Amino acid sequence: MPTRNRVRSVPTMAKQLEEMKLSFLLCRTERHKWDIVTDRDIITDQWGGVVRFTRHNRCDRCDAERLITISTADFTVIHRSPIYPPGYLARGVRIPVAEARREQFSRGGLKIAKRGRNR
Ligand SMILES: [Zn+2]
């Protein structure tokens with residue numbers, strides 16, 4: 001009996017946007033609302049001066065997290081590790097911010113003008 005490859009179909013971008021939590025849409029269009037959870041993994045030199053540390057942030061709106069490692073030489077970020085909650089990332093497609101904005105707007109109950117009218 002021939003075996004069939006099971007390929008899980010990826011929902012369309014429109015379908016994924018329809019099912020996306022409003023908080024995820026808002027963070028995609030308005031950016032995350034980062035708060036500081038803690039500073040950790042503090043690396044010091046032999047005199048106890050901080051060389052670098054990792055800041056743990058969490059978004060107040062969508063619960064995404066990120067770890068950013070910061071060098072105290074110039075306080076630039078030298079490493080980033082984002083951690084997204086389940087359902088935040090789209091499957092198989094990149095969602096443009098404008099499409100997230102369109103979905104967010106459509107949930108507000110207002111109609112979108114027909115093309116060519118009232119522009
Ligand atoms: Zn967020």
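User: In the turn of the hairpin formed by E1 and E2, which residue has a positive phi?
Analyst: This is a predicted model: local features need pLDDT of at least 70, side-chain atom pairs count only at pLDDT 80 or more, and totals for chains, interfaces and linings use all residues. Residues are numbered from 1 along each chain as its sequence is written. Strands (E, at least two residues) and helices (H or I, at least four) are DSSP runs numbered from the N terminus. Five residues separate E1 from E2, and the one in this turn with a positive phi, about 90 degrees, is Gly48.

User: Over how many bridges do E1 and E2 pair?
Analyst: Strands pair if DSSP finds at least two bridges between them. Trp34 stands opposite Cys59 in E2, Ile36 has Asn57 as its bridge partner, and Arg40 faces Thr54. E1 (residues 34-44) and E2 (residues 50-59) are antiparallel, and their bridges number eight.

User: How many residues of strand E1 are buried?
Analyst: Buried means 20 or more other C-beta atoms within 10 Å of a residue's own; exposed means 12 or fewer, partly exposed is in between, and C-beta atoms are placed from the backbone. E1 has 11 residues and lies largely in the open, because the number buried is zero.

User: In the turn of the hairpin of E2 and E3, which residue has a positive phi?
Analyst: E2 pairs with E3 (residues 65-71) in the antiparallel sense over seven bridges. Phe53 stands opposite Ile70 in E3. Five residues lie between the two strands, and the turn residue with a positive phi, about 70 degrees, is Asp63.

User: At roughly what angle do the axes of H2 and H3 cross?
Analyst: Axes are lines fitted to C-alpha atoms, for helices over the stretch in contact, with angles from 0 to 180 degrees between N-to-C directions. H2 (residues 22-30) and H3 (residues 97-106) have axes that come within 9 Å, and the crossing is at roughly 135 degrees.

User: How do the residues of the contact of H2 with H3 divide?
Analyst: Contact means C-beta atoms, placed from the backbone, within 7 Å. Leu25, Leu26, Arg28 and Thr29 in H2 meet Val97, Ala100, Arg101, Glu103 and Gln104 in H3. Ala, Val, Leu, Ile, Met, Phe, Trp, Tyr, Cys and Pro count as nonpolar, Asp, Glu, Lys and Arg as charged, and the others, Gly among them, as polar. The contact divides into four nonpolar, two polar and three charged.

Notes. Contact = placed C-beta atoms within 7 Å.
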